[in-house]
Amino acid sequence: MIPSTDRTIAAIASPPGSGCRGVIRLSGPEAVSVVQTVFDVRLPTSGLPRRVSGRIRVDELDGDLPAAVQVWPGTRSYTGQPSAEIHTIGAPSLLEILLDALYRRGAVPAERGEFTLRAFLAGRIDLLQAEAVLGIIDAADHEELQQALTQFGGGLTQRIRELRHDLIAMLGDLEAGLDFAEEDIEFLSAESMLDRLSGIRAALAGLLRDAEVRLPSGYHPRVVLAGLPNAGKSTLFNRLAGRELAIASDQAGTTRDYLSCLVSVGSRTVELVDTAGTADAGDAMTRAARDLSEQQTAGADLVLWCRSAGMSREECDRDAAGLEAIERRGTAVLRVGTRIDRRTRPADRLPEADVSVCARTGEGIADLRKGIAAALSGSRSVRQQLLATTAVRCRDSLRRAHDAVMSADQSVRQEAGEEITAVELREALHELKIVCGETWTDDILDHIFSHFCIGK
Ligand SMILES: Nc1nc2c(ncn2[C@@H]2O[C@H](COP(=O)(O)OP(=O)(O)OP(=O)(O)O)[C@@H](O)[C@H]2O)c(=O)[nH]1
Ligand SMILES: [Mg+2]
């Protein structure tokens, strides 16, 4: 059930814990009058948004509190209804007392995401933007934040609006044609319809692809270290992690299980994975280690293929075969030349590599970090335009819209009649309305807003 917007809701809007400033947010018809009961300066009840400084006075507190109240007396607020924010000292116990006092004076506790839900119901933002608010709050790193901000800015809404506009325009032309079906006037040639449909289909296919590969929020690209035994993977893992997490030794086959940790690379966080070296399967243990290692490289967003300086000819062949097997699967690979200090004579050839490092001294590590960031910037986990929550909600609708446009295209090609084409276009339009949240059910809203925190 969607909660009624007639109630005046209140909640702490500042982050949990103590801070310089605490914020209590209210929204609803009585927002201003409820705050007035605890505030000593007259607050405006109409007109433009204003900020008023004064003092908070409640029986439950000895003495009064300095505070500023931001008032939106009319509908020009986030929620589209009278709203207020009390900004005061950010002590959790104090905010709780104050909130309690507001509840006793007519406000009711806000539910999760209820402020943003009201913004949506008032038409201030659409569902895509509501989901973006959630994405902004939950962003795990700079990239996710940027993506959420873009969606909040309405980039996606705008693109879908354009698509809908194209569909509506085409429907209009088709229907005008239907009105004059008796007379021999052609409003839209098949060629021009196919042309317009192909543009719409391509745009929908792009969005659909995005929604289908979208990974769960909080997903970190997986960067997997692989290579022959003793290539220096574990030593490099420790160097990038900044801690001695993995055992490194000159015994080939030291690493058996894989190991992972989160590492910052440029503006993003990645999951770095150390694996067992690629060896010919000997005993059962080696086979098990190899299988684990293969699973890791198969699920990688990027493989750091480590090849050590000073390999024998036979090692070079095995190294090339191992790399080729990974590349054949289409996985992105960065070739990392390792242990470059082992080159005893300048004439020794270094293995062919994109970046060369010495994990012992740290030489080349900064370049390696840059290389990883650059390689990932083109990867599937970054190119997405849709936030995870949006993708999950919209996937089916986008697919149905895409299929409907495909069917419309078919109907034109098979000269099935303009009525049939119009039905398909209407179906696509309906699905795009769902994506923007113009058509929704209580369940959808419940699902989205229950993921928010209280006060947002
Ligand atoms: N000189 C030199 N030795 C290194 C460097 N990096 C690693 N080593 C040594 O190379 C040996 C193998 O290193 P590891 O990090 O265990 O290699 P690995 O690829 O994890 O090996 P496996 O787990 O057996 O597959 C160890 O003796 C390391 O100390 C380096 O940059 N320079
Ligand atoms: Mg190792």
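How far apart do the C-alpha centres of domain 2 and domain 3 lie? They lie 45 Å apart, and to see this, colour the chain by its parts: domain 1 (9–125), domain 2 (142–214 + 386–437) and domain 3 (222–382), with bounds that come from an automatic or database domain assignment.

This is a predicted model, in which local features need pLDDT of at least 70, side-chain atom pairs count only at pLDDT 80 or more, and totals for chains, interfaces and linings use all residues. Residues are numbered from 1 along each chain as its sequence is written, while chains are lettered from A and ligands numbered from 1 in the order in which they are written.

Next, select the open sheet of 6 strands, ordered β8-β9-β7-β10-β11-β12 with mixed pairing; strands (E, at least two residues) and helices (H or I, at least four) are DSSP runs numbered from the N terminus, and two strands pair if DSSP finds at least two bridges between them. Because β8 (259–265) and β12 (355–356) each have a single partner strand, they stand at the edges, and one side of each is left without a neighbour in the sheet.

Now select β7 (residues 222–227) and β10 (residues 302–308), which pair in the parallel sense over 5 bridges; Leu 225 has Leu 304 of β10 as its bridge partner. Helix α10 (residues 313–328) packs on the sheet, touching β7, β10 and β11 (333–338), where contact requires C-beta atoms, placed from the backbone, within 7 Å. The direction of α10 makes about 175° with that of β10, with axes fitted to C-alpha atoms, for helices over the stretch in contact, and angles running from 0 to 180 degrees between N-to-C directions.

Conventions
Two residues are in contact if their C-beta atoms, placed from the backbone, lie within 7 Å.
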